Amino acid sequence: MNQLIVLRIVCLVIGYVFGLFQTAYLLGKSKGIDIREHGSGNAGTTNAMRILGPKAGLTVFMGDMLKSLIAILLVGALFGKSHPEAVYLLKVWTFAGVVLGHDYPIYMGFKGGKGVAVMAGFVFGFHWSFIPTGLLLFFIPYLTTKFVSLGSLLLYLGTWIQLIIEGRMGMFGISGAMLIEIIVIQGILTFMAWYRHRENIGRLLAGKERKTYIFKRNAEQLDLDKK
């Protein structure tokens with residue numbers, strides 16, 4: 001079997017294992033609740049912030065971001081020198097594994113998050129040029145509207161477009177079939193993120209999307225406090 005095919009599988013598995021660390025679920029359990037039974041039912045940063053408060057939300061975000069970042073950096077360290085021509089491809093396969101592990105954790109009945117915080121890990125770990133763009137893509141829409149979903153959707157879509165443009169410009173040192181593979185994988189992950197946000201998209205279009213606040217209690221948390 002071609003060595004790169006094996007490495008693709010290895011990186012996918014590495015990513016999936018890291019993705020299984022469900023920060024929101026574990027933090028909720030430590031507080032005596034199953035985060036999936038409250039709010040939106042999503043085991044991710046936004047629901048944790050709404051239900052458990054800003055500090056918990058930040059903890060979940062950092063945990064989910066770091067598991068993605070560490071997995072990507074680990075693969076870069078393991079295979080960067082031996083396969084420099086394929087390191088960005090292997091990073092994308094690793095990120096795909098993290099998203100699958102985060103969104104569809106086997107030990108939680110395949111009911112996890114939506115892959116937003118892990119996308120932040122990709123932004124910080126894939127290539128330096130993604131960092132300023134990623135920050136702008138998320139925070140400008142969020143700070144303007146307080147809709148986390150809007151910032152998340154634009155982050156995924158904008159990063160994919162940036163990957164296509166910079167890849168064609170040669171910034172990753174790859175071209176041809178390998179570049180196309182990277183673009184296709186990231187495109188699939190972007191589609192998955194948008195699909196998992198389909199209810200949010202419907203509420204955004206209808207003007208009924210819920211706002212999420214970082215520095216004050218959300219309505220869902222206030223309701224939980226009363227119980």
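A residue is called buried under 20% relative accessible area, exposed over 50% and partly exposed in between, with a 1.4 Å probe and protein chains only. By this rule Lys146, at 26% relative accessibility, counts as partly exposed.

The structure is a predicted model, in which local features need pLDDT of at least 70, side-chain atom pairs count only at pLDDT 80 or more, and totals for chains, interfaces and linings use all residues. Residues are numbered from 1 along each chain as its sequence is written, and side-chain values use heavy atoms, with hydrogens and water left out.

The protein has 11 helices and 0 strands. Helices (H or I, at least four residues) and strands (E, at least two) are DSSP runs, numbered from the N terminus. Read from that end, the order of elements is α-α-α-α-α-α-α-α-α-α-α.

The overall dimensions come next. The C-alpha trace spans about 60 × 35 × 25 Å along the principal axes of the protein.

Buried residues make up 53% of the 227 residues. The protein exposes about 10,900 Å², and carbon and sulfur atoms supply 69% of this area; accessible areas come from the Shrake-Rupley method with a 1.4 Å probe, and for residues only the protein chains shown count as cover. A contact means heavy atoms within 4.5 Å. Among contacts with a separation of 6 or more, 70% are between residues 24 or more positions apart.

The protein has 23 positive and 12 negative side chains, and the centres of the two sets lie 4 Å apart. Lys and Arg count as positive and Asp and Glu as negative, while His and the chain ends are not counted. The place of a charge is taken as NZ of Lys, CZ of Arg, CG of Asp or CD of Glu.

One of the lysines, Lys91, sits in helix H5 (residues 87-103). Lys91 is buried because its relative accessible area is 12%. Leaving out residues up to four places away in sequence, Lys91 touches Ile72, Val75, Gly76, Gly125 and Phe126. A polar atom of the Lys91 side chain lies 3.4 Å from the backbone oxygen of Phe126. Such a polar contact is a pair of N or O atoms within 3.5 Å; within protein, one must be able to donate a hydrogen and the other to accept it, and residues adjacent in sequence count only if both atoms are side-chain atoms. Lys91 is also 9.2 Å from Leu12, C-alpha to C-alpha, although 79 residues separate them in sequence.

Phe110 is not a glycine, yet has a positive phi of about 65°. Its relative accessibility is 48%, so Phe110 counts as partly exposed. Lys146, with which the text began, lies in the loop between helix H7 (130-145) and helix H8 (148-168). Its phi is also positive, near 70°.

Ser175 lies in the loop between H8 and H9 and counts as exposed because its relative accessibility is 58%. Ser175 and Glu85 are 90 residues apart in sequence and 9.8 Å apart in space, C-alpha to C-alpha.

Helix H9 (residues 176-196) contains Arg196. Between Arg196 and Ala177 the C-alpha distance is 28 Å, for 19 residues in sequence. Beyond its neighbours within four places in sequence, Arg196 is in contact with Asp103, Tyr104, Gly112, Gly113 and Lys114. With Gly113, the backbone oxygen lies 2.6 Å from a polar atom of the Arg196 side chain.
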